Amino acid sequence: MVEHDFRYSLLNPQHTLIECRALAPGLYQVTGNGGSIQTGDVLIVTLKGSKDLSMRLTVDKVRHLINPRGQWVAVTKGPVFGELAIHQWQVNCDACGKELKFEFAVDAKLGTKAQKPAASLRIAELGWSTEGSKHQCPPAMPKGRAMKHLTLLALLGASLAGCAGDPVQLQHNRAYVVEWIGERPLMDYSHLTVTFDEGGRAYGNGGCNHWFAPYTLDGDKLTFGGVGSTRKACAPALMEQEQRFFEALQTVQRWDISPIEQVRFWPAEGKPLRLWPEEG
(Lines give C-alpha, C1' and ligand atoms only; values in the text may rest on other atoms or scores of the structure.)
Protein backbone atom coordinates (compact mmCIF):
# COMPACT_ATOMS: atom_id res chain seq x y z
CA MET A 1 0.00 0.00 0.00
CA VAL A 2 1.32 3.42 -1.03
CA GLU A 3 -0.07 6.82 -0.07
CA HIS A 4 -0.44 9.43 -2.82
CA ASP A 5 -1.03 13.06 -1.92
CA PHE A 6 -3.28 14.64 -4.55
CA ARG A 7 -4.13 17.78 -2.64
CA TYR A 8 -3.92 20.69 -5.06
CA SER A 9 -0.40 22.09 -5.55
CA LEU A 10 0.89 24.46 -8.23
CA LEU A 11 4.39 23.19 -7.47
CA ASN A 12 3.63 19.69 -8.74
CA PRO A 13 1.41 19.96 -11.85
CA GLN A 14 2.22 16.41 -13.06
CA HIS A 15 0.77 14.85 -9.90
CA THR A 16 -2.70 16.36 -9.75
CA LEU A 17 -6.32 15.59 -9.02
CA ILE A 18 -8.63 16.21 -11.98
CA GLU A 19 -11.96 15.17 -10.52
CA CYS A 20 -13.42 13.44 -7.46
CA ARG A 21 -17.14 12.68 -7.43
CA ALA A 22 -19.39 10.55 -5.27
CA LEU A 23 -20.96 7.51 -6.92
CA ALA A 24 -22.80 6.32 -3.79
CA PRO A 25 -22.40 6.80 -0.02
CA GLY A 26 -18.76 5.90 0.73
CA LEU A 27 -17.93 5.20 -2.95
CA TYR A 28 -16.00 7.73 -5.08
CA GLN A 29 -14.67 7.97 -8.62
CA VAL A 30 -11.35 9.79 -8.80
CA THR A 31 -9.62 10.96 -11.97
CA GLY A 32 -6.00 12.05 -11.70
CA ASN A 33 -2.68 12.42 -13.44
CA GLY A 34 0.58 10.80 -12.33
CA GLY A 35 1.41 8.77 -9.26
CA SER A 36 1.45 5.15 -10.61
CA ILE A 37 -1.77 4.30 -8.78
CA GLN A 38 -2.43 0.65 -7.90
CA THR A 39 -5.28 -1.25 -6.24
CA GLY A 40 -5.04 -0.93 -2.45
CA ASP A 41 -3.22 2.43 -2.54
CA VAL A 42 -4.52 5.38 -0.51
CA LEU A 43 -5.31 8.72 -2.16
CA ILE A 44 -5.35 11.90 -0.09
CA VAL A 45 -7.67 14.36 -1.83
CA THR A 46 -9.05 17.80 -1.02
CA LEU A 47 -12.72 17.88 -0.03
CA LYS A 48 -14.90 19.65 -2.57
CA GLY A 49 -15.61 23.21 -1.49
CA SER A 50 -12.73 23.32 1.01
CA LYS A 51 -9.30 24.92 1.01
CA ASP A 52 -7.80 22.97 3.89
CA LEU A 53 -9.73 19.74 4.46
CA SER A 54 -8.88 16.41 2.88
CA MET A 55 -10.01 12.79 3.04
CA ARG A 56 -8.34 9.42 2.57
CA LEU A 57 -9.68 7.13 -0.14
CA THR A 58 -8.67 3.50 -0.65
CA VAL A 59 -8.40 2.39 -4.28
CA ASP A 60 -10.73 -0.53 -5.07
CA LYS A 61 -9.91 -0.68 -8.78
CA VAL A 62 -8.06 1.56 -11.23
CA ARG A 63 -7.90 1.96 -15.01
CA HIS A 64 -4.86 3.64 -16.60
CA LEU A 65 -5.60 5.54 -19.79
CA ILE A 66 -3.46 5.43 -22.94
CA ASN A 67 -4.59 8.91 -23.93
CA PRO A 68 -4.01 11.32 -22.34
CA ARG A 69 -0.80 9.68 -21.18
CA GLY A 70 -0.40 9.31 -17.40
CA GLN A 71 -4.10 9.82 -16.63
CA TRP A 72 -6.11 7.25 -14.67
CA VAL A 73 -9.60 6.68 -13.30
CA ALA A 74 -10.07 4.90 -9.96
CA VAL A 75 -13.06 3.66 -7.99
CA THR A 76 -12.34 4.20 -4.31
CA LYS A 77 -13.89 3.74 -0.87
CA GLY A 78 -13.88 6.43 1.79
CA PRO A 79 -15.95 8.41 4.31
CA VAL A 80 -19.73 8.13 4.04
CA PHE A 81 -21.54 11.45 3.79
CA GLY A 82 -25.26 11.71 3.13
CA GLU A 83 -24.76 15.36 2.22
CA LEU A 84 -21.31 16.89 2.71
CA ALA A 85 -21.24 20.37 4.22
CA ILE A 86 -18.16 22.51 4.85
CA HIS A 87 -18.42 25.02 7.69
CA GLN A 88 -16.10 27.78 8.86
CA TRP A 89 -15.53 28.40 12.56
CA GLN A 90 -13.46 30.67 14.74
CA VAL A 91 -12.26 30.31 18.35
CA ASN A 92 -9.85 32.26 20.53
CA CYS A 93 -7.32 30.99 23.03
CA ASP A 94 -8.58 31.86 26.52
CA ALA A 95 -4.99 32.09 27.78
CA CYS A 96 -3.33 34.36 25.20
CA GLY A 97 -6.11 35.53 22.90
CA LYS A 98 -4.67 33.90 19.77
CA GLU A 99 -7.27 33.44 17.04
CA LEU A 100 -7.93 30.16 15.20
CA LYS A 101 -9.99 30.21 12.01
CA PHE A 102 -10.66 26.80 10.52
CA GLU A 103 -12.93 24.66 8.37
CA PHE A 104 -14.62 21.42 9.34
CA ALA A 105 -16.73 18.87 7.47
CA VAL A 106 -20.00 17.36 8.62
CA ASP A 107 -22.86 15.33 7.19
CA ALA A 108 -25.59 17.97 6.76
CA LYS A 109 -28.33 15.34 6.99
CA LEU A 110 -27.42 14.79 10.64
CA GLY A 111 -28.60 18.32 11.44
CA THR A 112 -27.09 21.05 13.58
CA LYS A 113 -26.54 18.60 16.46
CA ALA A 114 -23.61 17.11 14.53
CA GLN A 115 -21.77 20.40 14.03
CA LYS A 116 -20.36 20.90 17.53
CA PRO A 117 -18.69 17.45 17.88
CA ALA A 118 -17.31 17.75 14.33
CA ALA A 119 -15.88 21.19 15.11
CA SER A 120 -14.39 19.95 18.39
CA LEU A 121 -12.68 17.06 16.61
CA ARG A 122 -11.19 19.47 14.05
CA ILE A 123 -9.94 21.76 16.84
CA ALA A 124 -8.18 18.78 18.42
CA GLU A 125 -6.66 17.79 15.07
CA LEU A 126 -5.17 21.30 14.85
CA GLY A 127 -3.42 20.81 18.22
CA TRP A 128 -5.68 22.91 20.44
CA SER A 129 -7.35 21.69 23.64
CA THR A 130 -10.99 22.24 24.58
CA GLU A 131 -12.60 22.10 28.00
CA GLY A 132 -16.26 23.04 27.93
CA SER A 133 -16.39 26.40 26.15
CA LYS A 134 -12.72 27.26 26.80
CA HIS A 135 -9.90 26.72 24.29
CA GLN A 136 -6.12 26.76 24.57
CA CYS A 137 -3.56 26.94 21.79
CA PRO A 138 -0.50 24.61 21.99
CA PRO A 139 1.96 27.23 23.37
CA ALA A 140 -0.48 28.12 26.16
CA MET A 141 -1.07 24.52 27.28
CA PRO A 142 0.86 23.31 30.35
CA LYS A 143 3.50 20.79 29.29
CA GLY A 144 1.78 17.85 30.93
CA ARG A 145 -1.56 18.69 29.36
CA ALA A 146 0.03 19.21 25.96
CA MET A 147 1.64 15.77 26.08
CA LYS A 148 -1.64 14.19 27.21
CA HIS A 149 -3.46 15.98 24.39
CA LEU A 150 -1.00 14.72 21.77
CA THR A 151 -1.25 11.18 23.12
CA LEU A 152 -5.05 11.19 23.07
CA LEU A 153 -5.09 12.67 19.58
CA ALA A 154 -2.68 9.99 18.34
CA LEU A 155 -4.91 7.29 19.81
CA LEU A 156 -7.95 8.87 18.22
CA GLY A 157 -6.28 9.06 14.84
CA ALA A 158 -5.26 5.42 15.01
CA SER A 159 -8.79 4.35 15.90
CA LEU A 160 -10.76 6.14 13.19
CA ALA A 161 -12.12 3.93 10.43
CA GLY A 162 -10.15 4.25 7.22
CA CYS A 163 -6.93 5.33 8.92
CA ALA A 164 -3.81 3.30 9.59
CA GLY A 165 -3.71 0.98 12.58
CA ASP A 166 -6.23 -1.47 14.00
CA PRO A 167 -9.81 -0.95 12.75
CA VAL A 168 -12.54 0.27 15.08
CA GLN A 169 -14.55 -2.59 16.55
CA LEU A 170 -18.07 -2.82 17.92
CA GLN A 171 -17.83 -3.38 21.66
CA HIS A 172 -19.35 -6.35 23.42
CA ASN A 173 -21.67 -5.83 26.38
CA ARG A 174 -22.04 -2.11 25.73
CA ALA A 175 -25.38 -0.59 24.79
CA TYR A 176 -25.72 1.52 21.64
CA VAL A 177 -28.64 3.96 21.69
CA VAL A 178 -30.64 4.34 18.47
CA GLU A 179 -31.15 7.91 17.22
CA TRP A 180 -32.50 7.38 13.70
CA ILE A 181 -34.26 4.54 11.89
CA GLY A 182 -33.57 5.12 8.22
CA GLU A 183 -34.87 8.55 7.27
CA ARG A 184 -36.86 9.11 10.46
CA PRO A 185 -35.59 10.16 13.91
CA LEU A 186 -36.95 8.47 17.00
CA MET A 187 -40.06 9.76 18.69
CA ASP A 188 -39.44 12.03 21.64
CA TYR A 189 -38.90 10.21 24.95
CA SER A 190 -38.51 6.78 23.28
CA HIS A 191 -35.45 4.70 24.09
CA LEU A 192 -34.17 1.98 21.74
CA THR A 193 -30.91 0.12 22.29
CA VAL A 194 -28.67 -2.56 20.79
CA THR A 195 -26.17 -4.63 22.81
CA PHE A 196 -23.91 -7.40 21.49
CA ASP A 197 -22.83 -10.22 23.76
CA GLU A 198 -19.77 -12.36 23.08
CA GLY A 199 -21.77 -15.43 22.11
CA GLY A 200 -23.40 -14.14 18.91
CA ARG A 201 -26.56 -12.83 20.56
CA ALA A 202 -27.82 -9.23 20.30
CA TYR A 203 -30.51 -7.79 22.53
CA GLY A 204 -31.92 -4.51 23.79
CA ASN A 205 -34.94 -2.29 24.24
CA GLY A 206 -37.28 -1.77 21.30
CA GLY A 207 -39.05 1.21 22.86
CA CYS A 208 -41.85 -0.96 24.19
CA ASN A 209 -40.59 -4.55 24.39
CA HIS A 210 -37.26 -6.19 25.09
CA TRP A 211 -35.89 -7.86 21.96
CA PHE A 212 -33.22 -10.43 21.07
CA ALA A 213 -31.72 -11.89 17.90
CA PRO A 214 -28.64 -13.81 16.69
CA TYR A 215 -26.03 -11.75 14.88
CA THR A 216 -22.98 -12.39 12.71
CA LEU A 217 -20.08 -9.92 12.71
CA ASP A 218 -17.10 -10.24 10.36
CA GLY A 219 -15.05 -7.07 9.92
CA ASP A 220 -17.45 -4.44 8.62
CA LYS A 221 -20.04 -7.09 7.69
CA LEU A 222 -22.95 -7.30 10.13
CA THR A 223 -26.23 -9.23 9.87
CA PHE A 224 -29.04 -10.05 12.30
CA GLY A 225 -31.20 -13.16 12.34
CA GLY A 226 -34.88 -13.33 13.19
CA VAL A 227 -35.90 -10.94 15.96
CA GLY A 228 -37.85 -12.17 18.96
CA SER A 229 -39.34 -10.00 21.69
CA THR A 230 -41.60 -9.85 24.71
CA ARG A 231 -45.28 -9.15 23.99
CA LYS A 232 -46.15 -6.04 25.98
CA ALA A 233 -48.62 -3.61 24.36
CA CYS A 234 -47.85 0.11 24.19
CA ALA A 235 -49.18 3.20 22.43
CA PRO A 236 -49.80 2.57 18.70
CA ALA A 237 -47.10 5.02 17.63
CA LEU A 238 -44.50 3.29 19.81
CA MET A 239 -45.53 -0.11 18.49
CA GLU A 240 -45.24 1.11 14.89
CA GLN A 241 -41.76 2.54 15.55
CA GLU A 242 -40.67 -0.67 17.26
CA GLN A 243 -41.83 -2.76 14.30
CA ARG A 244 -39.89 -0.52 11.89
CA PHE A 245 -36.83 -0.97 14.10
CA PHE A 246 -37.13 -4.77 14.09
CA GLU A 247 -37.59 -4.80 10.31
CA ALA A 248 -34.59 -2.48 9.85
CA LEU A 249 -32.36 -4.74 11.93
CA GLN A 250 -33.08 -7.68 9.65
CA THR A 251 -32.00 -5.72 6.54
CA VAL A 252 -28.59 -4.70 7.95
CA GLN A 253 -25.61 -5.76 5.81
CA ARG A 254 -22.67 -3.77 7.15
CA TRP A 255 -21.66 -1.17 9.71
CA ASP A 256 -19.29 1.78 9.93
CA ILE A 257 -18.37 4.86 11.98
CA SER A 258 -19.35 8.30 10.68
CA PRO A 259 -16.99 11.33 10.73
CA ILE A 260 -18.63 12.42 14.01
CA GLU A 261 -18.06 8.92 15.51
CA GLN A 262 -21.68 7.84 15.21
CA VAL A 263 -22.26 4.11 14.63
CA ARG A 264 -24.26 3.27 11.51
CA PHE A 265 -25.89 -0.03 10.49
CA TRP A 266 -26.39 -0.03 6.72
CA PRO A 267 -28.95 -2.01 4.69
CA ALA A 268 -28.23 -3.04 1.09
CA GLU A 269 -30.22 0.02 -0.02
CA GLY A 270 -31.48 3.11 1.76
CA LYS A 271 -30.56 4.99 4.91
CA PRO A 272 -28.87 3.43 7.95
CA LEU A 273 -29.78 2.95 11.56
CA ARG A 274 -27.79 5.58 13.49
CA LEU A 275 -26.64 4.93 17.03
CA TRP A 276 -24.45 6.42 19.76
CA PRO A 277 -22.54 4.44 22.42
CA GLU A 278 -24.47 4.79 25.66
CA GLU A 279 -22.67 6.97 28.18
CA GLY A 280 -21.81 5.82 31.66
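**Notebook: cysteines and their sulfur atoms**

I began with cysteine 93 and found its sulfur 3.6 Å from the closest cysteine sulfur, that of cysteine 96, which is too far for a bond. Cysteine 137 is also in no disulfide, and the nearest cysteine sulfur to it, in cysteine 96, lies 3.6 Å away. I applied the cut-off that a disulfide is a pair of cysteine sulfur atoms within 2.5 Å.

I noted the basis of the entries: the model is predicted, local features need pLDDT of at least 70, side-chain atom pairs count only at pLDDT 80 or more, and totals for chains, interfaces and linings use all residues. Residues are numbered from 1 along each chain as its sequence is written, and side-chain values use heavy atoms, with hydrogens and water left out.

I then looked up accessibility, where buried means under 20% relative accessible area, exposed over 50%, and partly exposed in between (1.4 Å probe, protein chains only). Cysteine 93 is buried at 4%, and cysteine 137 is buried at 1%.

How many disulfides does a search of the whole structure find? I recorded 1. This disulfide joins cysteine 208 to cysteine 234, with an S to S distance of 1.9 Å. The link is right-handed, with 85° about the S-S bond.

I placed cysteine 208 in the loop between β14 (201-205) and β15 (210-218), and cysteine 234 in the loop between β17 (228-229) and α3 (236-249); the pair therefore ties together parts that are 26 residues apart in sequence. Helices (H or I, at least four residues) and strands (E, at least two) are DSSP runs, numbered from the N terminus.

Cysteine 208 is buried at 7% relative accessibility, whereas cysteine 234 is partly exposed at 27%.
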